[in-house]
Amino acid sequence: MATEKPRFYIFHGTDEFRMSQTVNKMRAEMRDIDSAGLNLSEFDGSDTNAPEVLGAVSAFPFLADRRLVIVRGMLTYITRKGAGETGKKQVQRLLDDIPVLPEWARLVFVEPRSLPGNSKLLKLAQSDPFGYEKEFTAPRNPTQWLMRQAKSDHETVLEPAAAQALASVVSGDLRRADNELSKLAAYANGDPITEDMVALLTPYTPETRIWDMIDAMAAGRGDRAMTMLHNVLDEPGEDPFRVWALVVRQFRLMLLAKEYLDGGGSTATLADAMGMRAFQVKKLPGQVSRFQLEDLEMIYRKLLEYDKNIKTGKMNIVLALDTLVATVA
């Protein structure tokens, strides 16, 4: 005997992209049996009420075996601080009527944040035989997620180094990551997506590009470092002096971090020692490990020398940047 489908669902969490993918799949399956959309309804949860939603999903379907109702943000709205007695009545109405929904009902609540564990409606979805609950949170390993996404949704291979580079750029924004994958897959045209393709096509923030450029310099990859530098400089409206300031600042932070860590300091206390927030120094230990302290001291002296020459008109700022990359790499 086939297992019956859930009649109500709660999707909640901060990963809007993967939550939308799941809802879109349900919507597409509904359209396969109801191309006219006569049995599909969608509601804004802040602009509707429980009786209206329950009435819509309980109505007998027209020329189909189910009725799909998608409600966005309702549970968050009716349980918010300040919802008062009205909100409590809405919650109770849902608790009373959801367990007796007809077999054709497919009621989907889509919530933009994770619901608390003590939510009565969440507990109902977890315990009721016709309920289903799933929390969508950011993947623990963005690199692995990107590689799987490239293969499953874009039918291409994303090389590990390319996945790491892309993960550093999109900073957990999975929707943007998927858009970038689509563009990269089209460019690769059946070939694996490489790190160089990511560097060429992905709109890094200047700060991220500078970070990756320094990594390339440390690895002795002068051509890649030079390409990344000029990708930043070629951005419309980008100021070479701002790029120079970012480079100087990054090497100064690296020098300070290297001195602290080589002197016996801990990565756990690095942020406090440098007077910065933890997320601001998160990648510094890995980056400074690629340099000797003497190398960073030499680079910083060169930066001071070049900076003086720039300010006195003895050196063009772009030439200074090119010379720095060539010297270090």
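Two strands pair if DSSP finds at least two bridges between them. Helices (H or I, at least four residues) and strands (E, at least two) are DSSP runs, numbered from the N terminus. This is a predicted model, in which local features need pLDDT of at least 70 and side-chain atom pairs count only at pLDDT 80 or more, while totals for chains, interfaces and linings use all residues. Residues are numbered from 1 along each chain as its sequence is written, and side-chain values use heavy atoms, with hydrogens and water left out.

## The sheet

Five strands form an open sheet with parallel pairing, in the order E2-E3-E4-E1-E5. Strand E2 (40–44) and strand E5 (131–136) stand at the edges; each has a single partner strand, so one side of each lacks a neighbour in the sheet. From one strand to the next, the twist averages 15°. Such angles run from 0 to 180 degrees between N-to-C directions, and the axes are lines fitted to C-alpha atoms, for helices over the stretch in contact.

Strand E4 (residues 105–111) pairs with strand E1 (residues 8–13) in the parallel sense over five bridges. Phenylalanine 11 has valine 110 in E4 as its bridge partner. Phenylalanine 8 stands opposite leucine 107 in E4. E3 and E4 also pair in the parallel sense, over six bridges. There, arginine 67 has alanine 105 in E4 as its bridge partner.

How many residues of E4 are buried? Seven of its seven are. Buried means under 20% relative accessible area, exposed means over 50%, and partly exposed lies in between (1.4 Å probe, protein chains only). In a regular strand the side chains alternate between the two faces of the sheet. In E4, Ala105, Leu107, Phe109 and Glu111 point one way, and Arg106, Val108 and Val110 the other.

Helix H2 (residues 50–58) lies across E2, strand E3 (67–72) and E4, and runs at about 155° to E3.

## Loops and surface

Leucine 63 lies in the loop between H2 and E3. Its phi is positive, near 55°, in a residue other than glycine. Most residues other than glycine have a negative phi. Leucine 63 counts as exposed, at 73% relative accessibility. Leucine 38 sits in the loop between helix H1 (16–33) and E2. Leucine 38 is partly exposed, with a relative accessible area of 48%.

Leu38, Phe62 and Leu63 make a nonpolar surface patch of about 360 Å². Patches are made of residues with over 30% relative accessible area and no salt bridge; like charges are joined within 9 Å, nonpolar side chains (Val, Leu, Ile, Met, Phe, Trp, Tyr) within 5 Å. Areas come from the Shrake-Rupley method with a 1.4 Å probe, and for residues only the protein chains shown count as cover.

Asparagine 189 also has a positive phi, about 55°, although it is not a glycine. Asparagine 189 is found in the loop between helix H8 (174–188) and helix H9 (195–201). Its relative accessible area is 66%, so asparagine 189 is exposed.

Threonine 156 is in the loop between helix H6 (142–154) and helix H7 (160–170). Threonine 156 is buried, with a relative accessible area of 7%. Contact means heavy atoms within 4.5 Å. Residues up to four places away in sequence aside, threonine 156 touches Ala150, Lys151, Ala185, Asp191 and Ile193.

In H7, eight of the eleven residues are buried, so H7 is largely enclosed by the rest of the structure. Glycine 172 follows H7 and has a positive phi, near 85°.

## Salt bridges

A salt bridge is a side-chain nitrogen of Lys or Arg within 4 Å of a carboxyl oxygen of Asp or Glu. The count comes to 14 salt bridges by this rule. Three of them are tabulated here.

| Pair | N to O distance |
|---|---|
| Glutamate 16 and arginine 175 | 2.8 Å |
| Glutamate 85 and lysine 88 | 3.7 Å |
| Lysine 183 and glutamate 180 | 3.0 Å |

Glutamate 16 lies in helix H1 and arginine 175 in helix H8, so this pair ties together parts 159 residues apart in sequence. Glutamate 85 and lysine 88 are three residues apart in helix H4 (residues 84–97), about one helical turn. Both glutamate 85 and lysine 88 are exposed. Lysine 183 and glutamate 180 both lie in helix H8, three residues apart. Lysine 183 is partly exposed at 35%, whereas glutamate 180 is buried at 8% relative accessibility. Salt bridges that share partners join Glu195, Asp196, Arg221 and Arg224 into one network.
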